[in-house]
Amino acid sequence: MHTTVMEMNRLKPNPIRMSTTNASAYPFWLSDEDLQLLNRGCHRRLYQRMGSHLREIDGISGVNFAVWAPNASRVSVVGDFNDWNGKANTMQFREMGGCWECFVPGLKQGDLYKYLVTTRSGHQVLKSDPFGFQFEIPPKTASIVTSLDNYKWQDNAWLQRRREIDPLHRPLSIYELHLGSWQQDDQREHGWLNYRELANRIVDYCREMNFTHIELLPISEHPYTGSWGYQTVGYFGATSRHGSPEDFMYFVDYCHRNQLGVIIDWVPAHFPRDSHGLARFDGTALYEHEDARRGQHPDWGTLIFNYGRHEVKDFLISNALFWFDKFHIDGLRVDAVASMLYLDYSRQEGEWLPNKHGGRENLEAIEFLKDFNEVAHLEYPGVMTIAEESTAWWGVSKPTYAGGLGFSLKWNMGWMNDTLKYMGNNPVHRKFHHNQLTFSLVYAHTENFILPLSHDEVVHGKRALIDQMPGDQWQRFSNLRLLYAYMWTHPGKKLLFMGSEFGQWREWNCDESIDWMLLEFDTHRGVQRLVSDLNKLLQSEPALYELDFDQSGFQWINCNDSAASVISYVRYAKDSNDFLVVCCNFTPVVRQNYPLSVPRAGTYKEIFNSDSEFYGGSNQGNGLGLVATKADKAPAAPFEFSLNLTLPPLGVAILKPVENVIARK
């Protein structure tokens, strides 16, 4: 809402429209137990008590408001219902918890409101509700009275199955997308589609592409569209850019009914300085640290939560549980975890304060992350918590009882950086950078890794993935298909950002739809088919997912053929007799009669080839009649049997023993 406090004070109250109430005439909404739990940092369902809630008291319908502002001298609820008059609906102070509350009769679903906070110095500021369930479409910023209890969910079967299945030992292929730019309608302002429209289109597409999950860039309300949602103000509200909370519920419900999981990005690492948001909420550093050396991010110009404060910790953990509870979300990907763990993150000497032991670890943030993960997994079995953590911090995805942080999964940023650097080399030079390709297997099983080719790799001058590939157009497409096939056979779960699945040439722009028109060309359709088939292969072959995080699921055949820029390996299922043989050729040279050691004798079938003409390749490969025979064991050959392959140029060949192929059918 753009009305300033000065303008409000000039308004002449309209006695017909203005709602005034004696707050003390109605019983308190917050119980003493609520306030005690808040003080101790043990209230895990704050969203059920704080914020605005439709109520009926003695036959009188209205809305109860509650907000935490312990250092304010006065707080009022203002809105259209009282002509934004700060004297009309003054809230009562609950000293035990530092909260203010009041009941306003006559209010209903859809009414706009804010809190008018008067600081101890007498300054007045309008604040959106930290626990608001819905907000005006930016750039307007008022909160909206909303109930989240009316939607009729139809995803019980999905939720029951989620509780029973361990996602770490299941296929997991994530399609990361930004709702505002996946598809747009040019006839609408900003081009934004409604959650319900997006649900139908995204589900149809992801079923065609065989992804198991989608991951949404932050959908919590944010004033600046260009932040992609990472500068959140409305932590408890799905952005109104795409519709109402019920519309987003339909989105998740429809995904679940069509066997598609939903992960959202969650941002407890920082929040923006917008005056209507959390910053200096009651005139003091309430949610953030007072000292800039603890409370401000130099890179992003944002503020850092005070994780050691009980009420702040409650706010964040309640928010995480809120998305699981009210919106049935299947996982939270936690942004910028490294910035939370290190007090000296992106700071020079003298710009940070050490912890009580003199170290650089943020002890309060560590405890918060552990508590968050423990509570999430205890209360919602089967959900995933995923860390974007870019350092070598030990135990990010280890359980807390073993000293870890307790996340389900961690993004493998090392694999991503090394692999993209390697793929960016001209193939003739790749033999000099072979270790960039093989080093990831040194640590691949130290965490539960996701291999991410995310939005961060296709913005800010980094170029689209296909544009990062070297060579002419044929080589660029071949390299991209090679990259994906190598990624899908490497240990770890998979994540790919929208547009990359069909080789978009442009960098991602959050204000424009991705370039669907490219699918008119065979080359781009070929990449799309390849990703779809890789996802199908991932779900049909236990060797590609059952032992992602166990060393027994992977074995090198030859990681030392740097001269030819070729690597080969075996992926095993829990049943070690069920395996796949993978051979990757990172040069454009077709290699005939390439000797490959394999685990046992017999006939092998090539079940996948990234150079197939179906994907736009040159169709160099192998048929059904590959027979492995006993061979002299060489230093580079771990098995006593071998076969001769035709290695496709800039391609990946995947082979499987014929008897296993027949048995699987």
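In this predicted model, the loop between strand S7 (124-127) and strand S8 (143-144) contains Pro139.

Trp84 lies in the loop between strand S3 (74-78) and strand S4 (92-94), and its phi is near 60°, a positive value in a residue other than glycine. The relative accessible area of Trp84 is 5%, so this residue is buried. Trp228 belongs to the loop between strand S11 (220-221) and strand S12 (234-238). Its phi is about 65°, again positive although Trp228 is not a glycine. Trp228 counts as buried because its relative accessibility is 13%, under the 20% cut-off.

Turning to the helices, H5 (residues 195-209) and H16 (residues 522-540) have axes that come within 8 Å and cross at roughly 75°. The two helices are therefore roughly perpendicular to each other. On the H5 side the contact involves Tyr205, Glu208 and Met209, which meet Gln528, Val531, Ser532 and Asn535 in H16. By class, the residues of this contact are three nonpolar, three polar and one charged.

Finally, the cysteines. The count of disulfides is zero, where a disulfide requires two cysteine sulfur atoms within 2.5 Å. For Cys42, the closest cysteine sulfur is in Cys99, 15 Å away, so the distance is too far for a bond. Cys42 is partly exposed, at 39% relative accessibility. Cys584 is also in no disulfide: the sulfur of Cys583, the nearest, is 6.7 Å away. Cys584 is buried, with a relative accessible area of 0%.

Notes
Residues numbered from 1 in each chain as written. Predicted model: local features only at pLDDT ≥ 70, side-chain atom pairs only at ≥ 80, totals over all residues. Heavy atoms only, no water. Axes fitted to C-alpha atoms, helices over the stretch in contact; angles between N-to-C directions. Helix = DSSP H or I, 4+ residues; strand = E, 2+ residues; numbered from the N terminus. Parallel < 35°, antiparallel > 145°, perpendicular 65-115°, else oblique. Contact = heavy atoms within 4.5 Å. Nonpolar A, V, L, I, M, F, W, Y, C, P; charged D, E, K, R; others polar. Buried < 20%, exposed > 50% of the residue type's maximum accessible area, 1.4 Å probe, protein only.
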